[in-house]
Each structure stands twice: as C-alpha cells, then as structure tokens.
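Me: Hi, could you bring up the model so that we can go through it together? I'd like to start with the strand pairing.

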Amino acid sequence: MTAWPEAVEVVDSHTEGEPTRVVVSGWPLPAGGSLQQRRASLLREQDHLRRAVVLEPRGHAAIVGALLTPPEQPGSQCGVVFFNNAGALGMCGHGLIGVVRTLEWLGRLQPGEACVDTPVGTVTARLEGDGHVTVRNVPACVQALDVEVDVPGLGRLHGDVAWGGNWFFITELPGEPLEVPRLPRLVAVSQAIRLALVEAGVTGADGAEIDHVELVAPAREADARVFVLCPGGEYDRSPCGTGTSAKLAVLQARGRLAPGQVWRQESVTGGRFEAWLAEHEGRLLPHVRGRAFVTGRATLVFDPRDPLVAGIGR
Ligand code: PYC
C-alpha cells in the first residue's frame with residue numbers, strides 16, 4: 001500500500017514569474033547519501049509524492065518542486081532535488097533562486113554566500129540585501145553547434161546543443177515572434193522540435209535526451225528574448241537559469257561573449273536575468289542573477305480514500 005505522510009509543509013514563490021514550491025518538512029528523506037542517489041530514489045519510491053505535491057488539484061503543471069535535504073558536501077547549507085510534472089531535474093536556476101529566498105523568508109539564511117548540493121554538483125548562491133540572488137552554476141558546455149534537424153511543418157532548422165545543468169536545443173525561428181498571445185503555437189512548435197530531435201537521434205552527451213527547447217529572438221531591452229519548453233510540455237515563465245547558462249556556453253564558443261561580459265536574457269513573459277561567465281578555481285562558470293518573491297505557505301494533506309490523492313496527470 002502507498003504510504004502517505006500526515007502532512008507536507010511547502011512555501012511557494014515565483015522567480016521572474018516561474019513558480020517554485022519548496023518542501024520544507026513532512027516528506028521522508030529519499031534513500032542515498034548523494035543527491036544523485038536521492039534523486040533516483042525519489043523517482044523510484046516517492047513518485048506518488050512528486051505528483052501529489054506539484055500536480056492538480058494541489059498544484060499545477062508549471063510548478064517546479066524543490067525537496068530540501070541535508071547537505072552532501074561539508075560546508076554546504078543543504079541539498080535540493082528539483083522535480084516537476086514530468087519527473088526530476090538535474091538543476092534548476094529559477095528554482096534555486098526561489099529556494100534561497102524561501103530560506104531567507106523562513107529565517108534560515110542571511111545575505112551572503114551559501115553552497116547548495118544538487119544532483120549535478122554543488123552550486124553557490126549569493127543573496128543580496130535587496131533580495132537579488134546570483135547563482136554560480138556548475139560549468140556549462142556545448143555539445144554541438146549548428147546541428148541540422150528536419151521538423152515537420154517547420155522545415156530544416158539549425159540549432160546548438162548545450163548543457164547548463166539540463167540539456168537544451170537552442171535555435172532561432174525568425175517567423176515565430178516570442179509573444180504571450182502566441183504561447184500555444186510556441187509550445188506546439190517547440191514540442192515538434194523536441195520530437196524531431198528524438199527521431200533524428202540528436203542527443204546530449206552519453207545519449208542523454210534533450211528535454212528542453214530554447215527559442216531565441218532579438219529583444220528591445222535585453223540581449224535576447226527566449227521561450228523555453230520544459231520537459232513536461234509547460235513553458236518557463238522565467239528566462240530559465242539553466243537555459244541561460246547553456247546560452248552563455250554557446251555565445252562563448254562562438255566568440256561572442258568575453259568572461260565578465262553581462263548578457264541580459266528576457267523571458268517570453270518579460271522576466272529578466274543578468275548572466276555572465278567568470279572564472280572560479282580555474283573553471284569558467286555561469287553566473288545568473290535574478291529575483292524571487294514568496295507568494296504563500298501551505299500544509300498539504302493526503303487522504304488515501306481520495307481517488308485523486310496522487311494528482312491528475314503524469
Ligand atoms: O531555471 O533552470 C531553470 C529551469 C529549468 C526548468 C524550469 N526552470
């Protein structure tokens with residue numbers, strides 16, 4: 001029989017429009033000493049909790065959940081496993097900004113620097129007195145530039161495959177303005193691109209599925225405007241922290257971004273991140289700066305007699 005905790009305490013926030021639901025207590029710690037192991041056991045043994053916490057009727061498809069755990073590395077503030085309507089993420093830039101502001105709101109973090117362990121490595125967050133958070137991410141990299149892919153209904157496209165904590169296919173579609181009224185169309189074309197990549201066998205390193213598609217266009221008050229399709233078919237309301245990191249790697253590979261040079265990336269809804277590459281302990285690391293705001297706190301309860309106790313959807 002599925003085991004349900006008595007109650008799970010969550011704090012909700014949004015980072016430049018994209019929601020994060022931080023689980024602060026009540027969720028049993030997933031098995032394993034490393035964040036990678038905890039992520040795997042969350043998916044294997046606690047998928048009912050993932051679904052119940054982020055999906056309707058308690059949540060909605062765009063929420064990214066963040067389960068806080070004890071740290072893996074000495075000196076880290078905590079560990080975090082990010083999950084969504086489709087599974088679990090390696091890293092999540094907007095989510096980490098939401099976690100940091102949530103910890104501050106709970107009185108567990110003061111302005112300054114804190115390390116957080118994730119399944120893809122330890123990242124650092126600097127919380128400023130005015131609420132801005134800068135994430136120093138794991139290293140981003142380019143897998144391939146100018147990859148050709150034939151997409152039904154769109155024709156032949158070129159794009160870059162890059163990693164910034166998750167895998168991205170980054171492309172420009174000049175005939176497709178990145179505007180809110182066009183969201184259903186942008187979701188549809190990005191899903192067609194994602195499917196075409198699978199069919200063409202285009203992957204990240206070691207055959208990893210490319211589960212995020214990033215459409216890039218010129219912006220009036222930023223260096224670029226993006227639309228990012230997330231793995232569960234939702235779009236990122238924020239400029240996507242891992243997608244911004246992947247874009248920095250592409251710009252650097254093309255010789256279009258020097259270390260320290262600021263790149264301003266805007267989301268389809270108008271949220272902004274500032275980002276740059278800077279050296280840290282001999283590695284060039286992406287830095288992403290943005291804001292999050294706490295929007296609520298809740299106690300989630302689970303009645304095993306409820307036919308929708310584990311949520312609606314995947
Ligand atoms: O900010 O990295 C991010 C992210 C990934 C998926 C949704 N947001």
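Me: Which residue is the bridge partner of Val135 in β16?

Reply: In this predicted model, the bridge partner that Val135 has in β16 is Val288.

Me: Before we go on, how are the residues numbered?

Reply: Residues are numbered from 1 along each chain as its sequence is written. Because this is a predicted model, local features need a pLDDT of at least 70 and side-chain atom pairs count only at 80 or more, while totals for chains, interfaces and linings use all residues, and side-chain values use heavy atoms with hydrogens and water left out.

Me: OK. How many bridges join β8 to β16?

Reply: Five bridges join strand β8, residues 132-136, to β16, and the two run antiparallel; strands count as paired if DSSP finds at least two bridges between them.

Me: And β1, how many bridges does it have with β16?

Reply: Strand β1 pairs with β16, which spans residues 283-301, in the antiparallel sense over nine bridges, and along that pairing Val8 stands opposite Leu300 of β16.

Me: What about β15 and β16?

Reply: Strand β15, residues 272-280, is also antiparallel to β16, with seven bridges between the two, and Glu274 stands opposite Arg289 of β16. These strands form a hairpin with two residues between them, and in the turn Glu281 has a positive phi of about 50°.

Me: Where is Glu16 found, and what is its phi?

Reply: Glu16 lies in the loop between β1 (7-15) and β2 (18-25), and although it is not a glycine, its phi is positive, at about 50°. Most residues other than glycine have a negative phi, and most peptide bonds are trans.

Me: Speaking of peptide bonds, which residues does a cis one join?

Reply: Glu56 and Pro57 are joined by a cis peptide bond, with omega about 10°, and Pro57 is found in the loop between α2 (47-54) and β3 (64-69).

Me: Switching to β9 and β10, how many bridges join them?

Reply: Eight bridges join strand β9, residues 141-151, to strand β10, residues 155-163, and these run antiparallel. Within that pairing, Val147 has Gly159 of β10 as its bridge partner, while Glu148 has His158 of β10. The hairpin of β9 and β10 has three residues between the strands, and there Gly153 takes a positive phi near 90°.

Me: Then how does β10 run relative to β11?

Reply: β10 and strand β11, residues 167-171, run antiparallel and are joined by five bridges, with Asp160 standing opposite Ile170 of β11. The hairpin that β10 and β11 form has three residues between them, and Gly165 in the turn has a positive phi of about 115°.

Me: Last topic, which residues surround the ligand?

Reply: Around the ligand are Cys92, Gly93, His94, His212, Cys230, Asp236, Cys240, Gly241 and Thr242, where being near it takes a heavy atom within 4 Å. Helices α3 (93-105) and α5 (241-253) each supply at least two residues of that shell.

Me: Which ligand atom is 2.7 Å from the side chain of Asp236?

Reply: A nitrogen atom of the ligand is 2.7 Å from an N or O atom in the Asp236 side chain, which falls under the cut-off for a polar contact, a pair of N or O atoms within 3.5 Å. On the backbone side, a polar atom of Gly93 is 2.8 Å from a ligand oxygen, and a backbone N or O atom of Gly241 lies 2.7 Å from an oxygen atom of the ligand.

Definitions and conventions
A polar contact is a pair of N or O atoms within 3.5 Å; within protein, one must be able to donate a hydrogen and the other to accept it, and residues adjacent in sequence count only if both atoms are side-chain atoms. Helices (H or I, at least four residues) and strands (E, at least two) are DSSP runs, numbered from the N terminus.
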